[in-house]
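Please read this briefing alongside the sequence and the model.

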Amino acid sequence: MKSQTFFQLPVIILLAAGLVWTVPPVRAAAVITVTLLADVQAPDGQCTLREAIINANNDNQSGSVDCPPGAGADTINIPLTGTILLNATLPVITSPLGLTIDGFGTAIISGNNVVQVFINGPLALLTLQMLLVLLTYAL
């Protein structure tokens, strides 16, 4: 009996250690705040919706250093009053952990009957809160 217990203990410890090592770290979600209604991507000190979506998708600042990096299931806040008139379709939403875009009841996104506003990638989760989407062009 003692030899059986002696061999079981190291196996249990190794299995438990392996489980701890294989669990991915939990990342806190980022909040990215849009500060400009224009549809541009430029290093101008302002964070646009286009730049915020790229940063959220990639969990870095590849869209713009003017916006904070994404980190998992992000929220993009648009606490501005007015319309974002799109020049082109926004980047495809790719986050399987989820992306929430909150317009605070005062923001509008318009495709101006020329561009599709959102494209949701496979397995991506997109939640729109208090946001009006107008004049989108469906392909």
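Predicted model: local features only at pLDDT ≥ 70, side-chain atom pairs only at ≥ 80, totals over all residues.

Residues are numbered from 1 along each chain as its sequence is written, and side-chain values use heavy atoms, with hydrogens and water left out. The structure holds one salt bridge and one disulfide.

- Helices and strands are taken as DSSP runs numbered from the N terminus (H or I of at least four residues for helices, E of at least two for strands), and α2 spans residues 49–58.
- Nine of the ten residues of α2 are buried, so the helix is largely enclosed by the rest of the structure; buried means under 20% relative accessible area, exposed over 50%, and partly exposed in between, with a 1.4 Å probe and protein chains only.
- The buried residues of α2 are Leu49, Arg50, Glu51, Ala52, Ile53, Ile54, Asn55, Ala56 and Asn57, and they pack against β1, β2 (74–77), β3 (82–85) and β4 (99–110), where contact means heavy atoms within 4.5 Å.
- After α2 comes aspartate 59, which has a positive phi, near 55°.

**Asparagine 55**

- Asparagine 55, in helix α2, has a relative accessible area of 0% and therefore counts as buried.
- The side chain of asparagine 55 reaches the backbone oxygen of serine 64 at 2.9 Å, a polar contact being a pair of N or O atoms within 3.5 Å, where within protein one must be able to donate a hydrogen and the other to accept it, and residues adjacent in sequence count only if both atoms are side-chain atoms.
- Leaving aside neighbours within four places in sequence, asparagine 55 is in contact with residues including Ile32, Asn60, Ser64, Cys67 and Gly70.

**Salt bridge and disulfide**

- The side chains of aspartate 39 and arginine 50 meet in a salt bridge at 2.7 Å, N to O, the term requiring a side-chain nitrogen of Lys or Arg within 4 Å of a carboxyl oxygen of Asp or Glu.
- This pair links distant parts of the chain, with aspartate 39 in the loop between β1 (31–33) and α2, and arginine 50 in helix α2, eleven residues apart; both residues are buried.
- Cysteine 47 and cysteine 67 form a disulfide with their sulfur atoms 1.9 Å apart, the cut-off being a pair of cysteine sulfur atoms within 2.5 Å.
- This pair also links distant parts of the chain, since cysteine 47 lies in the loop between β1 and α2 and cysteine 67 in the loop between α2 and β2, 20 residues apart.
- The torsion about the S-S bond of cysteine 47 and cysteine 67 is about 105°, so the disulfide is right-handed, and both cysteines are buried.

**Aspartate 74**

- Aspartate 74 is found in strand β2 and is buried, because its relative accessible area is 2%.
- A polar atom of the side chain of aspartate 74 lies 2.8 Å from the backbone nitrogen of alanine 71.
- Leaving aside neighbours within four places in sequence, aspartate 74 is in contact with residues including Ala56 and Asp59.
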